[in-house]
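Colleague: Could you walk me through this model? I'd like to start with one residue and its neighbours.

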Amino acid sequence: MNSKIKKGRVEFNDENYEGALEYFDGVGEDDEDYMYVLIFKITCLMELKRYDEALFLIESLLGEDPEDELLLYEKIRCHIALDEDKEAFNALKTFERVISPDNKRMLLAVSQFYRLLGDYANALKFCDRALEIDDCFEEAIREKSIIGIDLDDDEMIDSCADRLWGIVDNQGIEVIYVFLLKLFISKFDDCLVIVDNLNGDFGDDSIKMLKSVVYDELSKKLGVNVHLNEEVEIPVDDAISLLRSYEENGVCCGRINGVSFKIM
């Protein structure tokens, strides 16, 4: 292999895409590995957000093979980045046609492209197709939740959150995404159940912070805050309990932990 290609690969692996391009640009068209180099050049240009240059190379290669999945994928990305929606839709239709209907990751990619282009009906259709293949496909469930957010569909968001919750089972950072979905649709009781069942990956400070977030969002929803007559701090669980009593029973004042409070 040409020494310039080897050096370019080293720079590429170090994520020095400008340096990699300098080496790759020195590889001539007569080199037996030239086509291989072009793929790396496209990736470098994409990483450097030089989408118009990347698109030029992509289209030159598509002239040889107009149904290459990888090239079509990158072509769509370029058009979206360049705000060329019409061209992106056209390329996406070709991409749709050439991918395998059994490839859940390619179906998810189609869904994501449609969402980025604002076509939520098709985004949802292809996301559901991916989930028909694998109903525990976490990335597709997360994608569907984002579509639900774009559509302002709380029921869809909640359904996706519950599906993810069942899969991740309060394990690690993954469950925080479920927490955020529940928070977004004001399912505060679910948020607290998640927090109370977090595993050892989260310390006391993290637990307190997450509960404080629930308190802040609940107080915003109700348009009130808990005010104390003394400069003391009450546990966040107690503060949340006071807001719940206010919401459910209209309790707006009283005493807690020996301190008078008023909700207003």
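Modeller: Leaving aside residues up to four places away in sequence, V214 touches F179, L183, F188, C191, L192 and I240, where contact means heavy atoms within 4.5 Å. This is a predicted model, in which local features need pLDDT of at least 70 and side-chain atom pairs count only at pLDDT 80 or more, while totals for chains, interfaces and linings use all residues. Residues are numbered from 1 along each chain as its sequence is written, and side-chain values use heavy atoms, with hydrogens and water left out.

Colleague: Which residues have the most contacts inside the largest nonpolar core?

Modeller: They are L92, F95, V178, F179, L198 and V214, in a core of 87 residues; such a core is a set of buried (under 20% relative accessible area, 1.4 Å probe, protein chains only) Ala, Val, Leu, Ile, Met, Phe, Trp, Tyr and Cys residues joined through side-chain atoms within 4.5 Å. Helix α3 (residues 34-47) gives the most to this core, with eight residues.

Colleague: Switching topic, what is the strand order in the open sheet?

Modeller: The order of its three strands is β1-β3-β2, with antiparallel pairing, and two strands pair if DSSP finds at least two bridges between them; strands are DSSP runs of E of at least two residues, and helices are runs of H or I of at least four, numbered from the N terminus. β1 (226-228) and β2 (253-256) are at the edges with a single partner strand each, so one side of each has no neighbour in the sheet.

Colleague: And how many bridges join β1 and β3?

Modeller: Three bridges join β1 to β3 (residues 259-263) in the antiparallel sense, and V226 has I263 of β3 as its bridge partner.

How values were computed: Buried < 20%, exposed > 50% of the residue type's maximum accessible area, 1.4 Å probe, protein only.
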